[in-house]
Amino acid sequence: MIELINVSKSFGGVEVLKNVSTKFETGKVNLVIGSSGHGKSVMMKCMVGLLKPTSGNVMYDDRDFTNLEYSQLREVRKEIGMLFQGTALFDSLTVEQNVEFTLKMFTSMTPAERKDRVDFCLEQVEMQGINNKFPAEISGGMKKRVGIARAIALDIKYLFCDEPNSGLDPVTSRVIDELLKSITEEFNITTIINTHDMKTVFDIGDDVIFIYKGKKEWSGKVKDIHSSNNDMLTNFIKASYFD
Amino acid sequence: MFSKPEKLSVYIDRTITEMNNIGVGSLSIVVIIAVFQGAVTTLQIAYQLISPLIAKPVIGSIVSDSSMLELAPTITCLVLAGKVGSHIASEIGTMRVSEQIDALEVMGINSSGYLALPKIVAGLIMIPLLVIISIFLSNLGGIIAGEASGILTYEEYLQGARESFLPFNLLFSLIKAFTYAFIITSVSAFQGYTTNGGALEVGASSTKAVVYSAVAILFSDYILAQILL
C-alpha cells in the first residue's frame with residue numbers, strides 16, 4: 001500500500017500540489033484522473049522520488065519514502081516499476097537489453113536465467129520474438145508493452161503508469177488497459193495510473209482519485225463516480241464524454 | 001556521481017564501449033589533423049627561419065617541441081571537444097528530455113554515475129593515447145613536408161627533434177592531455193545531464209558543451225604553462 005500524507009509541491013513559490021492525502025491499496029488498479037496541468041504527473045513524480053515534496057510524506061508500506069537515506073531509497077526503488085508517458089525505453093539498447101537491464105544491474109542471475117526471465121516478461125505482454133529489435137524499430141503500442149515488460153522484470157510491488165494510453169489508437173489502448181489490469185491481479189501489486197481517459201477508468205479502475213488544480217477534489221470507487229455530486233468531477237466526466 | 005557502482009561489471013562494460021566510441025571513433029580525425037598540423041608547421045617555421053646562419057635541424061627541433069608542448073595536446077583536444085563533447089552532451093541531453101534518465105532514477109540507479117563516470121574514465125584513458133598518436137603523426141607530417149618541399153631531409157629533422165627532446169616535455173604534454181580529457185568529458189556530461197526542455201535545448205546544450213570545454217581548455221592551457229614551464 002502507498003499512502004500520501006499532506007503532500008504539497010511548489011515550484012518557484014507556485015503551489016501545484018496542495019496538501020494531498022490519500023491511500024492506494026495493494027492488488028487494485030488505482031486511478032488518478034484530472035485535466036492536463038492540474039498536478040497528476042507532479043504527484044506521481046513525488047511518489048516515485050523524481051521530485052521531493054515541499055511538505056508531507058509518501059509512505060510505502062510504513063516506510064517513509066520522503067525521509068529515507070539514499071541507500072534505503074535505492075532499495076525501495078527496486079520494488080518500483082514505472083511506465084512513462086513516452087515509454088523512456090533506452091534507445092541504444094535492444095528490446096531484450098531494455099527488459100534485461102534491471103536484472104543485470106540488481107541480480108546475480110546467470111545470462112541463461114536472465115534470458116528466461118526476459119522471455120517470460122515479454123510473453124506476459126505478448127511481445128515474443130522482437131528481442132533483437134531496437135525501440136526505434138517498433139510501434140508506439142509495442143513500445144508501451146515493452147515498457148510494461150521492463151517495469152515488471154524485477155519482482156516489483158508497485159507499478160506506476162503515466163498516461164499509458166496517450167498516443168495510442170482505441171484498440172491498442174484497450175489492450176494496454178487489460179494488460180495492466182491482469183498484471184495487477186496476477187502479481188498482486190499496487191498499480192497507480194494517471195489518466196484522463198474515462199474508458200480506462202470504467203474498464204479497469206478500482207479506486208479513483210480526482211485531482212483539480214492541485215487538490216484532491218474527490219476520491220472513491222469507480223462505481224460511485226456517476227453518483228458524485230462534485231461539480232468539478234461531473235464537469236470533467238461530461239467533458240470527457242464529448243472528447 | 002562517485003558513489004559505489006550498482007554493479008562493477010556493467011560499469012566496466014560501459015567504459016570499454018565508451019573507450020571505443022571516444023578513442024577508435026576519433027582516430028581518423030586525429031590522424032588527419034596531426035599530419036597536416038605537423039606539415040604546415042614545418043613549412044611555416046622554414047619560411048620564417050630561412051637564413052644561412054640557422055642550421056636546418058633547428059626546424060625539426062622547433063616543430064617537434066611545438067607539437068609535443070602545444071599543438072598535439074591542445075589542438076587535438078579542441079577538436080575532440082567538438083566531436084566527443086557534442087556527442088556526449090547530445091546523447092545525455094536526449095536521454096534527459098526523453099525521460100530515460102528519470103527511468104534510471106526510478107529503477108534505483110545512480111544516473112549521473114552510470115552515464116558520466118564511464119565516459120570520464122574512458123576519456124582519461126583514450127584522449128592521452130590519442131595525443132601520443134598525434135605527437136607521433138605530427139612529426140611524421142613534418143618529415144613528409146620537409147622532404148616533399150626539399151626544405152630539410154628526414155635525417156636533419158630527426159637530428160633536431162632528438163637534440164631538443166626533453167622527457168619532461170612529454171610528461172607536460174600528458175598532464176595537459178589528462179586535464180583536457182577530464183574537462184571535455186565532465187563539462188559535456190554536465191551540460192547534457194542538466195538539459196531541460198526539448199530538442200532545441202539538446203542542441204543548445206551540445207553547443208554550450210563545446211564552447212565551455214574549448215574555453216576551459218585554453219584557460220587551463222595557460223595555467224598549466226604558467227605553473228609547469
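1. Start with one pair: Ile33(A) stands opposite Phe210(A) in strand 9 of chain A. Strand 3 (residues 29-33) and strand 9 (residues 207-212) of chain A pair in the parallel sense, over four bridges. Two strands count as paired if DSSP finds at least two bridges between them. Strands are DSSP runs of E of at least two residues, helices are runs of H or I of at least four, and both are numbered from the N terminus.

2. On provenance: this is a predicted model, in which local features need pLDDT of at least 70 and side-chain atom pairs count only at pLDDT 80 or more, while totals for chains, interfaces and linings use all residues. Residues are numbered from 1 along each chain as its sequence is written, and chains are lettered from A and ligands numbered from 1 in the order in which they are written.

3. Next, the sheet. Six strands of chain A form an open sheet in the order 6-7-8-3-9-10, with mixed pairing. Strand 6 and strand 10 (215-221) of chain A are the edge strands, each pairing on one side only. Neighbouring strands are turned by 15° against each other on average, direction ignored. Axes here are lines fitted to C-alpha atoms, for helices over the stretch in contact, and angles run from 0 to 180 degrees between N-to-C directions.

4. Strand 7 (residues 158-162) of chain A deserves a look. Five of its five residues are buried, so the strand is largely enclosed by the rest of the structure. Buried means 20 or more other C-beta atoms within 10 Å of the residue's own, with C-beta atoms placed from the backbone. Tyr158(A), Phe160(A) and Asp162(A) point one way; Leu159(A) and Cys161(A) point the other way.

5. Now the neighbours of strand 7. Strand 6 (residues 80-83) of chain A runs parallel to strand 7, joined by four bridges. Leu83(A) is opposite Cys161(A). Strand 8 (residues 190-195) of chain A is also parallel to strand 7, with five bridges. There, Phe160(A) has Ile192(A) as its bridge partner. The chain passes from strand 7 through helix 6 (residues 170-187) to strand 8 of chain A in a right-handed β-α-β crossover. Right-handed means that, with the strands pointing away from the viewer, the path from the first strand over the helix to the second runs clockwise.

6. Last, the interface. In chain A, 15 residues are in contact with 13 residues of chain B; contact means C-beta atoms, placed from the backbone, within 7 Å. Helix 3 (95-106) of chain A is one of the contributing elements, and gives the largest share of chain A's side, four residues.

Methods
A residue is buried if 20 or more other C-beta atoms lie within 10 Å of its own, exposed if 12 or fewer, and partly exposed in between; C-beta atoms are placed from the backbone. Two residues are in contact if their C-beta atoms, placed from the backbone, lie within 7 Å.
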